[in-house]
Protein chains: 2
Amino acid sequence: MTTTDTLARTLARALPPIAYAGNPLDRADAVRTDPVRLAAVQAAPDAQLLVLDGLAPEFGADGGLTWAPLQSAPDGADLVFLGLDEAGRGCFAAAAPGLGGSTAPAAPNLRALLDAMPARDLAIYGGARSLVDWHARHRFCARCGHATQATKGGWQRSCTNADCGADHFPRVDPVTIMLVEHDGCLLLGRQPRFPAGRYSALAGFVEPGETVEEAVAREVLEEAGVRVRDVRYVASQPWPYPSSLMIACHAVADDPTITIDQNELEDARWFTREEVSAALEGRADAPFGAPTHTAVARHLLEWWMAHRG
Amino acid sequence: MTTTDTLARTLARALPPIAYAGNPLDRADAVRTDPVRLAAVQAAPDAQLLVLDGLAPEFGADGGLTWAPLQSAPDGADLVFLGLDEAGRGCFAAAAPGLGGSTAPAAPNLRALLDAMPARDLAIYGGARSLVDWHARHRFCARCGHATQATKGGWQRSCTNADCGADHFPRVDPVTIMLVEHDGCLLLGRQPRFPAGRYSALAGFVEPGETVEEAVAREVLEEAGVRVRDVRYVASQPWPYPSSLMIACHAVADDPTITIDQNELEDARWFTREEVSAALEGRADAPFGAPTHTAVARHLLEWWMAHRG
């Protein structure tokens, strides 16, 4: 154990936990892949169904999730086995036959409620949302066009065309999101869809044929015209709109000249440590608005304040 | 810049580069997303086509890739714009109409040729293979079952059903692969499909709703019954069979008791530093065979020997 490992862990402890992480359910792969065990869990009287309105949760009195008996699932719904809770009960979500699914992020009013949801419930919701949405948007086989059906407790869809028989698995799309540092300042950008005044870390999907580090360098060059070196992994987060794995990194730039891709960004600027601090504190004189608490971009900014200070 | 950053970079330089990384082509997103610029690159007389036999490359005299004029692409093929080479030429790959695609890794004889391919060409091939295979296996819309067509230079497929219109993007599937350490020994496992004597790092797909770190802990517990802490990112690698992003990590176990999931592993054992060293050197008395040079598992083992020694 090096001194730095210890230091990194100490600092990590000082940061708030990452939102949408920390799902307390046991995914119980041995149950999921065993039809007999899965059927028993599903038939048990204490099996629970996550109550959803479309893809949104139904909020309980405490702002958390709501559960109902599994028997209340709509007829013909695709059931997803989310796992076993602390009491050993099977927890499920359902993709109803008519559900359309959506790749869009949560609407602002919903987002505000989710930002205030207890961490445990938010993590369960995130995983469930990605899976239910995936079922809704993958009812057909991409290989042959025939109908697919949910299999393996909702963790797979299988083609019903005997000549094809392709199996399909839930998508998880890796996305890099990065703080770029130059001379003690951070590069942050503004997308046109952001709330007024908000700046955040640049981000983009990892493409086939590149490493995380290469994706970071390509995205920053494409979006802001800035070349980076020394890309370093910081943290990761599952982000269920619709199924991203956010891979949060730090990188260093030697030349601060910015050339914006106006198809992606409305603005990008370098902010000083004092400016970032003011934004994280939500001060009235802050030159920009920081990302919300559930965004890994905010975690990255807090990590930077704690770690590079 | 801390001492450890410097140390980490020095050690990183001492390790061989990661196979399938280092693609020298400029992905030229500004060309890809501009139909006029893309058409000009495609119509240029120096535009090149990567020669493939199904999904396998045609090997040149130097063991590298073979290119042909783009005009030689099969009629009706879906073209993928791979990027611009150092001379500014457009480089393309083609998914022919009859191509079936395959999720299987390269066959052993092909794998041996790929292991010897020049690094630059291997990186180009990997990205191209993932994309061509994706087109072959995604000719239909998973949302509505209608035909899709390639768009945006082959980096998207769009549904031809006007009532649907869904856009689909190439998959990149994040996979965790991890060295687990206990008392100076490493946990390695054997899948039944491995060559005789081979042991390698445990690995598994990241699922919706979990972080990289959570996926590492879950996989090691599922496959080997070992609980881990202090998961640490080491490196990443694009792995084109069919479209994985390998996320290589290190973790620590306090209790070395192994309980194997026999559906996943044939064996799992702790190996000493001396045993790992013997395997990496390919010594006749080594207790196991190390992964091949192109596998990120071998990079992890070499990183561990250099870093934790």
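Modeller: Domain bounds come from an automatic or database domain assignment, and for chain A it gives domain 1 (18-168) and domain 2 (173-307). Taken over C-alpha atoms, the centres of domain 1 and domain 2 of chain A are 31 Å apart. This is a predicted model, in which local features need pLDDT of at least 70, side-chain atom pairs count only at pLDDT 80 or more, and totals for chains, interfaces and linings use all residues. Residues are numbered from 1 along each chain as its sequence is written, chains are lettered from A and ligands numbered from 1 in the order in which they are written, and side-chain values use heavy atoms, leaving out hydrogens and water.

Biologist: Thanks! What makes up the contact between domain 1 of chain A and domain 2 of chain A?

Modeller: Domain 1 of chain A brings 19 residues and domain 2 of chain A brings 13, where contact means heavy atoms within 4.5 Å. The two domains bury about 1300 Å² between them, 62% of it on carbon and sulfur atoms; that is accessible area (1.4 Å probe) lost on putting two parts together, summed over both. On the side of domain 1 of chain A, Ile18(A), Tyr20(A) and Arg111(A) lose the most area to domain 2, together 44% of what that side buries.

Biologist: And what is buried between chain A and chain B?

Modeller: Chain A and chain B bury about 4300 Å² between them, 53% of it on carbon and sulfur atoms. Each chain gives 51 residues to the contact. The count of salt bridges between chain A and chain B is six.

Biologist: Why is Glu207(B) with Arg27(A) called a salt bridge?

Modeller: The term asks for a side-chain nitrogen of Lys or Arg within 4 Å of a carboxyl oxygen of Asp or Glu. In general, side chains of opposite charge can pair when their charged atoms come close.

Biologist: How do you know that Arg218(A) and Glu207(A) form a salt bridge?

Modeller: Their closest N and O atoms are 3.9 Å apart, and the limit is 4 Å, so this pair also counts. Arg218(A) lies in helix H6 of chain A and Glu207(A) in the loop between strand E12 (202-205) and H6, so the pair ties together parts 11 residues apart in sequence. Helices (H or I, at least four residues) and strands (E, at least two) are DSSP runs, numbered from the N terminus.

Biologist: Is Arg218(A) buried or exposed?

Modeller: Buried means under 20% relative accessible area, exposed over 50%, and partly exposed in between (1.4 Å probe, protein chains only). Arg218(A) has 12%, so Arg218(A) is buried. Glu207(A), at 12%, counts as buried too.

Biologist: Why is Pro17(A) called exposed?

Modeller: Its relative accessible area is 73%, and the term asks for over 50%, so Pro17(A) is exposed. Pro17(A) sits in the loop between H1 and H2 of chain A. Pro17(A) and Thr294(A) are 277 residues apart in sequence but 9.4 Å apart in space, C-alpha to C-alpha.

Biologist: What makes Glu219(B) a salt-bridge partner of Arg218(B)?

Modeller: Their closest N and O atoms are 3.2 Å apart, which is within the 4 Å limit. Glu219(B) is buried, with a relative accessible area of 7%. Salt bridges that share partners join Arg27(A), Asp29(A), Arg32(A), Glu207(B), Glu210(B), Arg218(B), Glu219(B) and Glu222(B) into one network.
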